[in-house]
Amino acid sequence: MNLALRFPKEFVWGTATSSYQIEGAADKDGRGKSIWDVFCETPGKVSNGDSGLIACDHYHRFEEDIQLMAQMGVKAYRFSISWSRVLPNGMSDSINQAGIDFYNSLIDCCIDHGIEPWATLYHWDLPQHLEESEGGWLSDSISDRFADYTEVCFNAFGDRVKRWITINEAWVVAILGYGQGVFAPGHNSTSEPYIAGHNLLLAHAKAVKVYRSQFQAEQGGLIGITNNCDWREPLSDSAQDKAAAQRALEFFLGWFADPIYLGDYPECMKTGVGERLPLITEEHRNLIFGSSDFFGLNHYTTMYAAEANGDTAEQSVYGNGGLNEDQGLDLSVDDSWQTTDMQWAVVPWGCRKLLHWIADRYGNPDIYITENGCAYDDELVGGEVNDTRRVDFYASYLEECANAIDGGVNLKGYFAWSFMDNFEWASGYDKRFGIHHVDFDTGERTPKQSAKWFRQLLSVS
């Protein structure tokens, strides 16, 4: 039985990318600098000194890329809009028509090929001007700047874009950008992540208010936010380890989902973070609560969680799930689990358990997995990339997604990350997540075995 037949007929099958990772043309046609342009210029921040200056040159090759998506059979494409390509200095009085024209052409090309455009409004590439002049995501004004920017996008593209994602992975922006300093803008702090996170929530909510009050009735679209979360399995059956796993999930996903679905930050965060966690006032609650038409989820891996014992070696930046000193827990993986090139464990059942956790905690909302995928060191041999490990990854995770649907979870769509190999942030071009191989010297795209597997999978959907 074809795996796709286990999913509803109306299930959304798509693939995903983000602007800075694929577009290139970073200094072309009026685009302003983003914090990632500057971060890449800082020695030692990005592997091999790589940057998104050229990336996959999607800016000039998008028609070829959309054609490849159509050949795969996907019916939706999740891309992100570069804030500084549309508004070079981040302000709504600086509209760059060339940027508007590019996204209009991209959107029209998707529709011409029967592919629904899903637009993410912010995927980490904040205009550098807003970082320098106002303090970026630490600024009291940033949420209003974001709302102004989104209004420009709704006005320019909302007649054709019917699915909007405001913020991609606010956790990453806050923790990796302001806590660990490994992502732009490169701050190391135990307090700034919570300020940035609060402003990201406000920015999301204000953008939703703009859309709902000015555009949604006429344009008929939906708007939501995408949060990332890995599953946390209790290391043992002890009450302490079970509580640690729950606490880990609340610090990871509850941080951003609880205010939207439950009206406030998790109690464990209030206790663990104390005065460093901004207060959700009644005004904030009225703005944030209920501000998502669907639940966007990016999911990649699973770890065990246990009550902190003080003896565990320092967690890796990518595996610690936040600021451990605030959570009081230790994380680990099973030595028997396979891992990807990111050293992320391949644990398909963790995806199913997380989907059920979301459904149980937040009233079984419509969920879209807006990213799921894996990095492997793929080799192009004789014009082919036989990425069997990636095929196995997708097959196993989709099997558990189908099991979750059978168990009553309202999972409505799945987007594979990523459509093609790209600039993988601080890892530069060392990590390949794509289902299409990219030769970064020539730009040539080659469908991997995983792309062909998806084409076969979706031929019956």
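Two strands pair if DSSP finds at least two bridges between them. The legends below describe close-up views of a predicted model.

View 1. Three bridges link strand 1 to strand 2, and the two run parallel. Strand 1 covers residues 12–16. T15 has Y77 of strand 2 as its bridge partner. Strand 2 also pairs with strand 3, again in the parallel sense, over five bridges. Here the bridge partner of Y77 is P117 in strand 3.

View 2. A76, R78 and S80 point one way from strand 2. Y77 and F79 point the other way. Are these residues buried or exposed? All are buried, on either side. Strand 2 is accordingly mostly covered, with five of its five residues buried.

View 3. Helix 5 takes in residues 97–112, 16 residues in total. At 1.5 Å a residue it should span 22 Å, and its end C-alpha atoms are 22 Å apart, so the two values agree. Its buried residues are G99, I100, F102, Y103, N104, L106, I107, C109 and C110. An α-helix has 3.6 residues a turn, so residues three or four places apart point the same way. What do the buried residues of helix 5 pack against? Among the helices, they meet helix 1 (19–22), helix 3 (58–72), helix 4 (83–86) and helix 7 (142–157). They also pack against strand 2 (76–80) and strand 3 (116–122). Just after helix 5, G114 takes a positive phi of about 75 degrees.

View 4. The bond from W417 to S418 is cis, with omega near 5 degrees. S418 sits in the loop between strand 11 (411–417) and strand 12 (436–438). Its relative accessible area is 0%, so S418 is buried. Which residues does S418 touch, leaving aside those up to four places away in sequence? The contacts include T15, A16 and T17. S418 also touches Y394, F433, G434 and I435.

View 5. The bond from A184 to P185 is cis, with omega near 5 degrees. P185 is in the loop between helix 8 (170–179) and helix 9 (192–214).

View 6. Phi of A55 is near 50 degrees, a positive value in a residue other than glycine. A55 lies in the loop between helix 2 (35–41) and helix 3. Its relative accessibility is 8%, so A55 counts as buried. N364 is not a glycine either, yet has a positive phi of about 50 degrees. Its loop joins helix 15 (348–362) and strand 10 (367–372). With 25% relative accessibility, N364 counts as partly exposed.

View 7. M1 belongs to the segment before strand 1. Why does M1 count as exposed? Its relative accessibility is 80%, and the cut-off for exposed is over 50%.

Conventions. Residues are numbered from 1 along each chain as its sequence is written. This is a predicted model: local features need pLDDT of at least 70, side-chain atom pairs count only at pLDDT 80 or more; totals for chains, interfaces and linings use all residues. Side-chain values use heavy atoms; hydrogens and water are left out. Helices (H or I, at least four residues) and strands (E, at least two) are DSSP runs, numbered from the N terminus. Buried means under 20% relative accessible area, exposed over 50%, partly exposed in between (1.4 Å probe, protein chains only). The expected span of a helix is 1.5 Å times one less than its number of residues. Contact means heavy atoms within 4.5 Å.
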